[in-house]
Every structure is written in structure tokens, then in C-alpha cells.
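Reader: Before I trust any labels, could you walk me through how they were assigned? Here is what I'm looking at.

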Amino acid sequence: MTARKLVLLRHAKAETPGELPDFERQLTDRGRADAGAAGAWLAAQNLSPDLVLCSSATRTRQTWHGVAVALPQAAPEAEAPEVRYEDGLYHGGRTEVVDLLRAVPESVETVLVIGHNPTISDVSLLLRPDSGASATEGLKTAGIAVHEVDDWSATEPGSMPLIAEHTARG
């Protein structure tokens, strides 16, 4: 059985809440640079996604755009992934993320989930068989946690060992 990879990415640095609704907050210049750096790191690690599950909020969509632009530059042979914008990744919690993962087709080898804290960090903690000291800190903006799994439909607490962590900075 082919080992599958789950890549959890917290959106890059966004504007401070102001007059716009939270859902519409945009990335800062640093956030755009960090999103590109996240894509370059994913490509360097051979983690080009087959499926992207992205929150429908503006800042997560912009994070995906920055990642997507950087991916083909580092891995030009990779095919464009299927991208699904999911309201549940903005409005929901870790249960919604786990449910989305359980529904991923077994033909998909690498899934990238782009979302918000505390949910993305909580999901990473929940899926780990054991939690290390860094687990209590949570993912920073543009933070990446990579987990390994044999079967998407068997996504359960403690079912996906953490194999890499990275904070992208551009």
C-alpha cells in the first residue's frame, strides 16, 4: 500500500482585523512572500498535492494562490491539483476537517489542507499518535505539518504520525 501524505498549512500572515469582515481579511506583503516560500518548500520536499482542500476565506484562498504559483516553478512536471474551497474549513472545527479527510478517494496520494488556527493545529495534534513538546505551541502563520497515513477512510485520532514540520518565511 502506498503511504499517503496529509499536509496541513495554516494560512500566511493576514491583515489585522479592521473594518472588513474577518472572512474578507487579506494577506499582508509578508504573507504573500511566506505563501510562496511554503509552495517552494512543498515542491522541494516532493509534496505537490493531488487534492487541495482550502477554506473559502480570502486569506486562505490567497495563501493557496501563493503556494500554487511557487509549486510549478520548483516541480514543473507536476499536474495541477483538484482544488475545493470548503466553507466548513472556515466555520467548522476539527470534526469537519476529519470528515473531509475520511471522504478523500484512495487514489489521492497527497492532500493539502489550508485553514485557520486553532483548528489546523488542533487537527495536527489530534492525528498524532503521540504529542511532542512542539505540539503545544501550535502552527505559526504559514506553518506546515506533514502527516503520513495508509488509508484516508481510516482517519482517526492518533492515526497519522507527524513526519515533518516547517514554518515558511519568504
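Author: Let's start with alanine 142, found in the loop between H5 and strand S5 (143–149). Helices (H or I, at least four residues) and strands (E, at least two) are DSSP runs, numbered from the N terminus. One caution: this is a predicted model, where local features need pLDDT of at least 70, side-chain atom pairs count only at pLDDT 80 or more, and totals for chains, interfaces and linings use all residues. Residues are numbered from 1 along each chain as its sequence is written, and side-chain values use heavy atoms, with hydrogens and water left out.

Reader: Why is alanine 142 called buried?

Author: Buried means under 20% relative accessible area, exposed over 50%, and partly exposed in between (1.4 Å probe, protein chains only). Alanine 142 has 1% relative accessibility, so it counts as buried. Its phi is near 60°, a positive value in a residue other than glycine.

Reader: And what makes asparagine 46 buried or exposed?

Author: Asparagine 46 comes out at 64% relative accessibility, so it's exposed. Its phi is also positive, near 60°, and it sits in the loop between helix H1 (29–44) and strand S2 (51–55).

Reader: What makes the peptide bond from asparagine 117 to proline 118 stand out?

Author: That bond is cis, with omega near 10°. Proline 118 lies in the loop between strand S4 (110–115) and helix H5 (119–127).

Reader: How many helices and strands does the protein chain have?

Author: Five helices and six strands. Buried residues make up 44% of the chain's 170 residues.
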